[in-house]
Amino acid sequence: MSKKYDPATAVQRVEQFGEFGGVNPSITDSATYTFMHENVMIDAFAGEAEGCFLYSRHWNPSNKYLADALATMEGTESAWVTASGMAAITTAILQLCNAGDHIITSVTTYGGTFAFLKNYVKKFNIDVTFVNISDLESIKNAIKPNTKLIYTESVTNPMLQVSDIPSISKIAHKHGIKVLIDNTFTPMILSPFKLGADIVVYSMTKFINGKNDCVAGAICASEEFINDISNVNDGTAMLLGPVLDPLRSSSILKNLGTLHIRMTQHGKNALYLANRFKEIGLKFNYPGMTDHPQHELMNSMMNDGFGYSGIIAIDLETAERATPFMEMMQERGVGYHAVSLGYFKTLFSNSGRSTSSEVPVEIQAEMGLSPGLVRFSVGLDHDIEKTFDIIKSCLDELKLLK
Ligand SMILES: *Cc1c(COP(=O)(O)O)cnc(C)c1O
C-alpha cells in the first residue's frame, strides 16, 4: 500500500449510529437543549461541559457527526460546518485576522473570495497583497511584519494553477504565518493539512455534497481553532452565526460516503476528455496532462487513486466563440450551461462572465483568464466517448477548431 494518506478509507471507517442502532445517525432537529441542573448549563456556557449541547448556533449533534467525518477525511483534529463555502472562508479569515493585519493571497481565486479580499476586508483596515501563487519568491517578498495569513486554493479557480502547499507552508511557518487552503476542487485528491497547511476550507456545495441541492461549507482545523471560532464570547462562527442547518448536515453526511467513487469517476471522465481535446488541437488546461505547468507538483502531492478531479478549462479565446458553443452543448445534451461544479451532469460556464465576473477585466487579463474560457465540470457520464463526440460535433459545426 502507498505511504500517502488515504482519506477514503478514513471516511469508510467512520462509525456513527442512531440512538436505536440506526446505521445513519439520528437527526437532531432542535434549536435548543434542556439541562437537568443549572450548574451544568453554567459550565456549558463557560465551555467546560464536555458532550453537552447548548444551542444549535453553537453546536448541533447532526452538525457534529458531519464535522467529525470531515475532520477524519482531512486528518485534522476538528471541523465546523457552515451554511455556505463563503461562510467557511470568511469566518476563518475574520477569526485569524484583526484590524491592521496583512494577508497574502493568490490572485486567482474563486470570484467571491477575490471580492471579499479586494473589497470587503478593507473596512477592517486589513491589507491584502495579491500574488502569483506559483512564484514562491513573490510570496516571500510580500511578507510583512503584520502578515497573518497566506491564502490560496489547492487548485485555483478557474485557471487550474496548482499551489505548492508544502513549500508555501514552509515559507509561512518560518514567519509564524498561518496557511489557509480552499480545497473545494480536490477533496480526497489532496489533503492540504497533511501537506503542511493549518486550515482547510470547503464549499461543500460542490463535489463533497455533489447533488446541487444546497449550499454548504466546512472549516477543518485544530481543536484549538474550532474552539476559538465557536467561543461564546469572541468566536467568529458563534457571533456571526453562519451555521449549517442540521437536516442538511445529515443529507450531506450520507453523500460523503460515496465521494471517493464520484471523484474517481469525475477524474476518469475529465482525463479522457482532456486526451481527446489534445488530439483535436483544442486549447485547454487540465492538471492531469503532462504539459500542465504544475503536473509534476500535482503528482508529488496527490493521494493515490482518485484522479486529477473533474475540472477542465477550455480556452476559446473570445466570448463570441464561447457563447454559441455552450448553448449548443446544452441543446445537444452534453450537460447544463450553469455555474457551480461537482454535479453528476456536466456543467459549463464562461468564467470571466460568471463565477469570476467580480474580478476586474484588467486583472482577468493579467492572470491570463481568457474572455473565452469555458470552465467544464465534467460529470459522471457512463459513456464519455459519446459525450466527446457531441462536444466535437458542436466544435465542428461552429468552426471553432483551427
Ligand atoms: C463555489 C466556491 C466557493 C464558494 O462556495 P459557496 O458554497 O457558493 O458559498 C468558494 N471557493 C471555491 C473554489 C468555489 O468553487
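View 1. Aspartate 68 and lysine 64 both belong to helix 3 (residues 61-74), where four residues, about one turn of the helix, separate them. Helices (H or I, at least four residues) are DSSP runs, numbered from the N terminus. The two residues form a salt bridge, with their closest N and O atoms 2.9 Å apart. A salt bridge is defined as a side-chain nitrogen of Lys or Arg within 4 Å of a carboxyl oxygen of Asp or Glu. The structure holds 12 salt bridges. The model is predicted, and local features need pLDDT of at least 70, side-chain atom pairs count only at pLDDT 80 or more, and totals for chains, interfaces and linings use all residues. Residues are numbered from 1 along each chain as its sequence is written, and side-chain values use heavy atoms, with hydrogens and water left out.

View 2. The protein chain is divided into domain 1 (7-256) and domain 2 (260-397), with bounds that come from an automatic or database domain assignment. Taken over C-alpha atoms, the centres of the two domains are 27 Å apart. In domain 1, 40 residues are in contact with 40 residues of domain 2; contact means heavy atoms within 4.5 Å. About 3200 Å² is buried between the domains, and carbon and sulfur atoms give 68% of this area. Buried area is the accessible area (1.4 Å probe) that two parts lose on being put together, summed over both. Within domain 1, Leu160, Ile189 and Phe207 lose the most area to domain 2, together 23% of what that side buries.

**View 3. Polar contacts across the domain interface.** Between domain 1 and domain 2 the count of salt bridges is zero. The interface does contain 13 residue pairs in polar contact, both residues being at pLDDT 80 or more. A polar contact is a pair of N or O atoms within 3.5 Å; within protein, one must be able to donate a hydrogen and the other to accept it, and residues adjacent in sequence count only if both atoms are side-chain atoms. On the side of domain 1 that touches domain 2, helix 5 gives the most, with five residues.

**View 4. Residues around the ligand.** Among the 13 residues around the ligand, Met86, Asp182, Ser203, Thr205 and Lys206 come nearest; a residue counts as near if one of its heavy atoms lies within 4 Å. A ligand nitrogen atom is 2.7 Å from an N or O atom in the side chain of aspartate 182.

Note on methods: Helix = DSSP H or I, 4+ residues; strand = E, 2+ residues; numbered from the N terminus.
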